[in-house]
Amino acid sequence: QLQASGGGLVQAGGSLRLSCTSSGRTFSSYALGWLRQPPGKEREFVAGIAWGGDSTYYADSVKGRFTISRDNAKNTVYLQMNSLKPEDTAVYYCAATVVVGAKTVKDFGAWGQGTQVTVSS
């Protein structure tokens, strides 16, 4: 089970750090990702990280602004979000995948409860 936290209300240009913790014993065996669902839109991929943390990949819309990282000793994955824009407003979810480099929502499973991020202009 994955549980995301750290969302909130922030002004455009601000920063937030999301965390996602797993209670599972196989956390380090999976690649992980952050995905989001803007209001009235489909869920979309944001960032992913390989099981060892040595490879990361991002959606073009967040590249250079967001950074994904993980600490397998703490069963936690993070998403540092800088230079936030109103279009980043969404419910953010973490999820696991066995697909290397997955960027498609259907490739992710074990969805946790999301956390709301709202960016005001």
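This is a predicted model: local features need pLDDT of at least 70, side-chain atom pairs count only at pLDDT 80 or more; totals for chains, interfaces and linings use all residues.
You will find valine 98 in the loop between β9 and β10 (115–120). Is valine 98 buried or exposed? Its relative accessibility is 68%, and because the cut-off for exposed is over 50%, valine 98 counts as exposed.

Now head inside and select strand β3, residues 16–22. Five of its seven residues are buried, so the strand is largely enclosed by the rest of the structure.

Next, bring up the partners of β3. Strand β1 (residues 2–5) pairs with β3 in the antiparallel sense, over four bridges. To see one of the pairings, pick serine 5, whose bridge partner in β3 is serine 19. Then show strand β8 (residues 76–81), which is also antiparallel to β3 and pairs with it over six bridges. Here, leucine 18 stands opposite leucine 79 of β8.

Show its surroundings, leaving aside neighbours within four places in sequence: among its contacts are Leu16, Leu18, Trp34, Val46, Phe66, Ile68 and Tyr92.

Finish with the largest nonpolar core, which has 33 residues. Select Trp34, Leu79, Met81 and Tyr92 to highlight the members with the most contacts inside this core. Which strand gives the core its largest share? Colour strand β9 (residues 90–97), which supplies five residues, the largest share. As a general background, nonpolar side chains tend to be buried together in soluble globular proteins.

Methods:
Residues are numbered from 1 along each chain as its sequence is written. Side-chain values use heavy atoms; hydrogens and water are left out. Buried means under 20% relative accessible area, exposed over 50%, partly exposed in between (1.4 Å probe, protein chains only). Helices (H or I, at least four residues) and strands (E, at least two) are DSSP runs, numbered from the N terminus. Two strands pair if DSSP finds at least two bridges between them. A nonpolar core is a set of buried Ala, Val, Leu, Ile, Met, Phe, Trp, Tyr and Cys residues joined through side-chain atoms within 4.5 Å. Contact means heavy atoms within 4.5 Å.
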